[in-house]
Amino acid sequence: MKQLLYLILLLLVGTAYGQREAANWFFGSNAGLDFNSGSPVPRLDGVLNTVEGCETISTPEGTLLFYTEGRNVWNRLHEVMPNGEDLDGSFSATQSALVIPQPGSTEIYYVFTSDVVQAYQDGGSGNGFNYSIVDMSLSGGLGDVTDKNVNLLPQGSEKITGVRAADGENYWVITHYENRFYAYFVDDTGLNPTPVISTIGPNINDFNNIRGAMKSSPDGKQLAIAHAIFQPAFTGQFLLYDFDTETGVVSNEVVLGTDLVFYGVEFSADSSKLYASGKTINSDTGATENINIIQFDLTDPDVLGSRFLIADIPNPFISDLAGTLQIAIDKKIYHSIPNNNLSVIRTPNFPRLDSDFRLFDTDLGGRSTKFGLPPFIQSFFESIVEIENFCLGDATQFTITADDPIVAVNWDFGDPASGADNTSTLLNPTHVFTGPGVYTVTLDVEYETRPTQRYIEFVEIGDAPIVNSGVQLVQCDIDGVDDGISQFNLNEALMELVGDPRGFTVNFFRTLADAENNENALPEIGYENEFNGQVVYVRVFENALCFAIAEVTLIVEPMAYAGDITLVACNRSDNPDFEAIVDLVDFEAQLLELYPGADISFYDTRDDALLELNPLIDQVQFTAFDTELAVYYRIEYNNDCAFIGRILPDIRPVPEAQDISLEICPDEDEVILDPGDYAAYLWENGETTRTIVVSEPGPYVVDVFNGVGCNTTITINVVAIPVPTEINVVVVDFQDSNTITVEITEEGPWQYQLDGGLLQSANVFTNVLAGPRRVAVYAEDCLIYEEDIFVGGAPNYFTPNGDGFHDSWHIFNALEFPGANIKIYDRYGKILRNLRHDQAGWDGTYRGNPMPSSDYWYMIELPDGRNARGHFSLIRR
């Protein structure tokens, strides 16, 4: 097997630029990638948050310097530089910024910022085309913005690109406005503010249509531009021009497309292929739909005829932007639309299918991307070497294609395990790499007429995949015609072919020759076989030209449509937006009785069931807008289609039920669980009675049935009521207003009761009458504590007249206060009587003489140290 892979070597100016200046990317919502290893590694330290525009620059050794979204400039510590705010770019511009190093300096960088549609809205006049200067010698090497928003054009577009000039040392910075290209020259003396103006192409004079990218080819010879036309209706233009790197002149327009809302643009590193992204336009509604990525072969005499659809991506979001395309130092082209991954064209130098597009293949470590990626100077990615043979064990051939005379070369293949073979001084050497992986190949070239230059390439060596042969894919024939013809989802064969298909590209072909040439791939979804038993060929590869081919036989089961079947299902919907929601296990249990041991899957449509697309998971939902209440099922044995049929569900209501909570009180040994009145019951312990008796707290689950085959589940949670560790009842009595306080240290659902009255949440009772009292504490409905107490008090008066009523005075319930000592005084403080708790009350006399009607005072001394004072009246009638 012969492989030819035009991987790219990175062109440097002298030994200063072009090695790893594009090694670090920041974009999207705090997303980032580090390409220094030759493979993208997520960076999670960035603070940039942008919808589209962004730019990053690193040192030639790959160390981050700074990055921007066109408004702010962050240094390598992810802090905004001094004076690094309020640049005139925008995070919503297609290409908001481009960084150009000043030739001959390692400290001065120009940050060019483009215009943006939003700057013209609501009567705005635009931001124009501007530049700012970053001096990396300031702030301890972290950089300052010294000059800011120096205007070059009062109005502009969202397009900007940069490329090395013909002298190999200086740069052209190119932007576009209306029907003019503006090329600005940057050399070691700085920026020439007078541009080279080329008037050519369509006049884009509506600010709504200035979106879209522009790129120079890495060799600087061509320029491609995308116009995303939003007004007055969606359309687009994709145009190719020649660019003169000596004069800055743009010429020779070629219209490559007007059928998409074009947005992203990129060249392959060898400048032989051109890519564009664009949204398709619905011919009936005029709205945008899918995202297309297309390729043009610039080496083909018929460039227009070489157009090839690389990817057709369904539109997963509400936006009319197709996402940007950007080449990296690993020479792969990345595509960005909102997602947690980037898509990638792995070998963009190759034509058509060999370019190897992989959707959402590059992980961002949990961060998300939007529509933009950093653009960089296109010359960073120029190729001067062709490389052949990338399968492990093959001799990889390196061929230099530079036109300038070469005095000497020095190769380092980045493969120290190969010993002395790791280096070479041959002009076009070969090297056998010692294992699979990515190798950093370094080439130093001494020219006759140019400075010595270093080139770096990341060479990926792969091993041919192991693919199972003789795989059969069995499909059902459900069209009612017994002809052995059906539609296939060819991807269903992948597991048997390669096991885990991740990391591989798999294409299917009608003939072996097509598979070997990677041409005329069959549609993977919906392919209709030509005859029963047809063999198709599958090409599997990780590296586009290091592949394996196997056969897949397509077999059709005749007359495999099982027709309609009515199955009972229970409506699980409690959402008014759905007419019914059915658990698929209801259907599966009934189908397994008909097809024991089968693998069963469910689908919304017959075509989905045939092609195994969009399987239903767990439930099927029916709304009032559904034209039919039906579900399609697919029966398989050993992954081969046996039958497809349609279920017409007999949907029945489920019992109405709610979960229940019960308390088990501390004095209860058991509690009866009763879910309510239903037709039948099935408890989780297997009992089928309405009630069960339990003694432990916890959840108890019961299925209740309504008599028509449907059930619902009720959970009865039995909760043990907590018991406080200590309860104290504090009585403050012999007062004008007696109080009782119940003290509990733990918080809980406590409620308090006095003398069987109403429950209250407050733990204090006031205005308590003297006498025997009962205090109770409840939690929920459980009595957890009660205590009988006596509340002390004294009469307010007495009438010692011998009528048998109130003839003496003593404290209430005196016998309940043993050890109490009560002293009675007259108004002058004279003690008239000392009483013990067990003595008869005072009869109103002093030394046998009756005391007159008047107010008298008392003091009570209790054994617990409490004292109480008060007064009462002696009344004689």
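Thr324 belongs to strand E24, which covers residues 324–327. Leaving aside neighbours within four places in sequence, the residues in contact with Thr324 are Tyr263, Gly264, Tyr334, His335, Ser336, Phe371, Gly372 and Leu373. Gly278 lies 46 residues away from Thr324 along the chain, and the C-alpha atoms of the two are separated by 9.4 Å.

The loop between E24 and strand E25 (333–336) contains Lys331, and Lys332 is found in this loop between E24 and E25 as well. Lys331 has a phi near 70 degrees, a positive value in a residue other than glycine. Most residues other than glycine have a negative phi. The relative accessible area of Lys331 is 3%, so this lysine is buried. Lys332 has a relative accessibility of 12% and counts as buried too. Not counting residues up to four places away in sequence, Lys332 touches Gln326, Ile327, Val344, Ile345, Arg346, Pro348 and Glu460. Between Lys332 and Ala868 there are 96 Å in space, C-alpha to C-alpha, and the two are 536 residues apart in sequence.

Phe376, located in the loop between strand E27 (357–363) and strand E28 (385–388), likewise is not a glycine and has a positive phi, about 65 degrees. Its relative accessibility is 1%, and Phe376 therefore counts as buried. Gln231 and Pro232 are joined by a cis peptide bond with an omega of about 5 degrees. Most peptide bonds are trans.

Confidence was examined along the chain. The mean pLDDT is 90, and 97% of the residues reach 70 or more. Residues 1–18 have a pLDDT below 50, although this stretch makes 99 contacts in the model beyond near neighbours in sequence. Where pLDDT is low, the predicted coordinates should not be read in detail.

An open sheet is formed by 3 strands in the order E2-E3-E4, with antiparallel pairing. Strand E2 (24–27) and strand E4 (41–42) each have a single partner strand and stand at the edges, so one side of each lacks a neighbour in the sheet. E2 is joined to strand E3 (residues 31–34) by 4 bridges, and the two run antiparallel.

Apart from neighbours within four places in sequence, Phe27 is in contact with residues including Gly32, Leu33, Leu48, Thr50 and Cys54. Further contacts of Phe27 include Leu342, Leu364, Thr369, Gly372, Leu373 and Pro374.

Elsewhere in the chain, strand E60 (residues 821–825) and strand E61 (residues 831–836) run antiparallel and are joined by 5 bridges. Ile822 stands opposite Leu835 in E61. The hairpin of E60 and E61 has 5 residues between the strands, and Gly829 in this hairpin takes a positive phi near 90 degrees.

The volume of the largest cavity is about 70 Å³. Its lining consists of Leu473, Val474, Gln475, Phe488, Asn489, Glu492, Leu610, Glu612, Arg634, Glu636 and Asn639. Strand E35 (471–476), strand E36 (487–489) and strand E45 (631–637) are the elements that give two or more residues to this lining. The greatest contribution comes from E35, with 3 residues.

How values were computed. Residues are numbered from 1 along each chain as its sequence is written. This is a predicted model: local features need pLDDT of at least 70, side-chain atom pairs count only at pLDDT 80 or more; totals for chains, interfaces and linings use all residues. Side-chain values use heavy atoms; hydrogens and water are left out. Two strands pair if DSSP finds at least two bridges between them. pLDDT is the predictor's confidence in each residue, from 0 to 100. Contact means heavy atoms within 4.5 Å. On a 1 Å grid over the protein atoms alone, a cavity is a set of points where a 1.4 Å probe fits but cannot get out, and a pocket is an open set with protein on both sides within 12 Å along at least five of seven lines; lining residues have an atom within 4 Å of a point. Grid points are joined across faces, edges and corners, and a volume is the space filled by probe spheres set on the points. Buried means under 20% relative accessible area, exposed over 50%, partly exposed in between (1.4 Å probe, protein chains only).
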